[in-house]
Amino acid sequence: MSTATIAKPQAKQPGRGGRRMSLPVLLLVIAGVLVLTSIVRLITGADGITSVGQMSTALQLAVPIGLAGLGGLWAERAGVVNIGLEGMMILGTWFGAWAGYQWGPWVGIAFGIIGGALGAVLHAVATVTFNVNHIVSGVALNILALGVTRYLSKFTFADAPQGSTKQSPPIDSLGEFSIPGLSDWLNTLNGKHWFLVSDIAGLLGGLVTDLSPLTVIAVALVPLTWWVLWRTAFGLRLRSCGENPVAAESLGVNVYKYKYIAVIISGGFAGLGGAFLSIVASNVYLDGQTAGRGYIGLAAMIFGNWMPGGLALGAGLFGYTDSLNLRGGTTNVHALILLVAILLVFGAGYLAWRKKYVPAVVTVVVAALMFLWYTSTNEVPRQLVTATPYLVTLLVLSLSAQKLRMPKADGLPYRKGQGK
Amino acid sequence: MKKFDKERVLVAVAGPVIAIVLAIVLTSVVLLASGKNPIEPYVLMLQQLPYSDIQVLIINQASLYYIAAIAVALGFRMNLFNIGVDGQYRLAAVMTAVVGAHVALPGVLQIPLLLIVAMATGAFWAGIAGVLKVTRGVSEVVATIMLNSIATAVIGYVTLTDVWGVQVGDNVTTGVMKKSGWFPGINLGSDVGEIYGLVFLAVVLGIGYWVVLNRTRFGFDLRATGASETAAAASGVDAKRMVLVSMLISGAIAGLAGLPLLLGDTHTYSLSFPAGLGFTAIGIALLGRNNPGGIALAALLWAFLDKASPALDYATPVAYDKEIATIMQGLIVFAVVISYEAVRQWGLRRQQKRVGAELAAAAAQNTKKEVAA
């Protein structure tokens with residue numbers, strides 16, 4: 001929302017600024033990164049960076065971020081900025097665990113969705129009905145959700161067996177499955193450490209090994225969201241509320257209604273993400289379990305240019321950098337420094353080709369420094385690993401923010417009949 | 001100023017009053033729903049107020065809240081959302097603690113040095129978001145949120161024992177600061193406690209905030225940009241420069257937020273240093289309507305809820321959960337934002353009606369005159 005206040009991303013040179021990455025180019029870039037990663041892996045011997053286990057962990061960490069991001073997408077496509085995703089996720093973790101330990105994980109998931117949606121109703125009342133600033137309302141929701149869940153935990157979990165004021169009793173698992181045959185075969189292939197082949201096997205293997213049913217549902221929600229928002233009349237009307245509510249109103253769309261629906265669905269997604277955290281990712285609710293994932297989801301959505309596919313890519317990236325934290329992070333991130341240095345050299349080449357010489361030189365210098373850092377050390381401090389997802393977000397946003405286009409009326413107040 | 005405008009005062013007072021009443025009613029509903037007495041917790045908390053040791057705690061805590069909320073409010077006045085006050089304040093506190101532990105100058109120089117370190121660190125951290133916004137168009141909301149998390153990691157690194165950290169029992173600290181950097185407080189006796197000396201810094205910042213915003217060109221430009229960016233640009237305000245400068249100032253103030261506690265009491269940064277202050281400050285700035293006096297009242301209210309609520313846990317014969325205060329704080333923020341908006345719209349409608357009535361009366365008089373003539 002506030003991006004638009006100062007730097008209008010597409011304000012200059014409408015002809016050239018409108019370029020979009022076509023699918024073949026995108027695939028080529030992804031393939032190129034994969035090849036480079038493979039080379040880096042061979043040079044450094046850090047086989048962990050593309051192992052099946054790593055990818056599987058990355059997927060599991062990406063799911064809640066992606067669900068939060070989808071939540072953000074629904075709300076912002078209807079023109080409501082949702083920084084309260086974090087609070088809705090917190091409600092999702094609590095409600096999911098509360099219902100989950102009593103009536104089983106599936107009921108827990110349903111309650112997680114309801115919990116998130118309840119928070120969203122509050123956000124919708126404040127932003128749509130009362131026209132409160134969206135960020136302000138979201139921040140208030142985050143404060144409130146934290147207080148409510150802590151208070152409720154004292155009543156419910158504190159007296160329950162194996163529970164405490166900060167932790168719920170354990171919840172039954174949803175179960176896990178691997179796709180038979182394929183998973184083992186890809187795992188063996190990955191174990192050979194061949195150039196490129198093993199890396200692709202690792203990537204695909206992570207997608208078919210130790211899956212939770214909820215992970216599959218979450219992944220399926222990405223194309224489903226795209227289909228609903230871009231291929232149905234409902235979706236068109238919803239998006240029109242985010243682009244130009246006055247025009248939508250003149251065509252008979254009930255803008256308030258669509259905004260309410262969008263924000264409530266958004267809360268449902270965030271709540272589902274929260275329930276995933278407390279039911280699948282661990283098997284208890286913990287105080288502070290979301291750890292800012294709602295915010296990261298929002299960043300993933302912006303990174304993905306308010307599109308489901310880009311959002312999934314962003315969530316995957318965050319999930320991956322996050323997974324480095326859990327599995328041999330210090331050496332793997334060290335290997336990735338080399339990857340970043342190489343990528344920067346390519347970036348510098350591209351800049352020079354576009355005749356932007358000063359940025360190109362700066363990029364080369366940064367690349368050289370990274371390379372120097374790589375060669376002079378063997379490991380990176382643990383804290384750098386922790387900070388990696390956030391650093392990557394900042395880096396990516398600073399490189400791509402100019403090309404992003406958010407819904408035109410995102411975050412703006414709307415009153416019925418204001419266009420008359 | 002023409003005359004005392006009753007309408008404006010009514011609108012200004014109605015908002016907070018409705019908000020607090022609404023929050024109290026809602027909190028009582030929560031208490032009732034959980035099978036508790038809906039009135040007694042307030043009585044118990046208010047009974048804490050006459051104790052002078054509680055009063056000292058409230059004032060000390062409010063000074064931290066106040067400085068952080070001023071930092072937030074400055075950005076709010078020009079629609080700039082500095083969500084990163086939390087990271088800026090913690091990072092600044094760590095850096096100040098480290099400098100304070102390793103540099104020993106005489107007190108006259110040491111204290112200004114520490115203040116400058118805190119402000120520079122805060123401004124630097126906020127400045128990253130400012131530069132990214134101005135040059136690359138990155139939303140300051142997302143950038144400052146990321147910087148909060150990065151600050152946590154940086155603090156984790158700085159407090160490693162082989163960097164600047166000192167292990168004290170289970171706690172990791174930055175080592176005790178040199179005595180010359182301790183800021184003397186007002187001692188009110190051993191059983192009452194000490195008011196931080198830097199409480200006055202909060203007062204000075206509040207006055208400075210008011211003067212800069214209402215009596216300088218910069219303040220005018222800032223408010224103009226907040227009210228209408230296009231209008232401000234048309235009158236020659238450089239929006240980019242305004243964003244960067246206000247982000248830097250906001251960060252510098254945020255950097256000072258932890259100092260009353262650091263220089264007045266703990267003299268070291270440790271894991272137990274309060275986190276989340278920056279987010280609380282957002283609520284306080286909203287409650288105080290970005291006005292220095294209002295923020296002071298809001299900060300005191302917040303500190304009161306913080307410091308009086310622990311007594312609920314030990315109340316006899318029935319104990320209450322102190323988390324009810326947190327719920328109340330969240331409800332207050334919500335009630336505040338909604339009631340302010342509703343009251344503002346109500347005031348606008350009243351104004352429109354009044355102006356409409358005056359115009360109609362004037363028009364009626366004109367036609368009468370025409371008829372007479």
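Start at the interface of chain A and chain B, where the rule finds 1 salt bridge (a side-chain nitrogen of Lys or Arg within 4 Å of a carboxyl oxygen of Asp or Glu). Select Lys154(A) and Asp321(B): this pair forms a salt bridge, with the closest N and O atoms 3.8 Å apart.

The model is predicted: local features need pLDDT of at least 70, side-chain atom pairs count only at pLDDT 80 or more, and totals for chains, interfaces and linings use all residues. Residues are numbered from 1 along each chain as its sequence is written, chains are lettered from A in the order in which they are written, and side-chain values use heavy atoms, with hydrogens and water left out.

Next, select both sides of the interface. Here 43 residues of chain A are in contact with 48 residues of chain B (contact means heavy atoms within 4.5 Å). The two chains bury about 4200 Å² between them, 78% of it on carbon and sulfur atoms; buried area is the accessible area (1.4 Å probe) that two parts lose on being put together, summed over both.

Then move to Asn148(B), in helix H6 (residues 140–158) of chain B; helices are DSSP runs (H or I, at least four residues), numbered from the N terminus. Asn148(B) counts as buried because its relative accessibility is 7% (buried means under 20% relative accessible area, 1.4 Å probe, protein chains only). Its side chain reaches the backbone nitrogen of Gly87(B) at 2.8 Å. Show also what Asn148(B) touches, leaving out residues up to four places away in sequence: Ile83(B), Gly84(B), Asp86(B), Gly87(B), Arg90(B) and Phe279(B).

Notes:
Helix = DSSP H or I, 4+ residues; strand = E, 2+ residues; numbered from the N terminus. Buried < 20%, exposed > 50% of the residue type's maximum accessible area, 1.4 Å probe, protein only. Polar contact = N/O pair within 3.5 Å; in protein donor to acceptor, adjacent residues only side chain to side chain.
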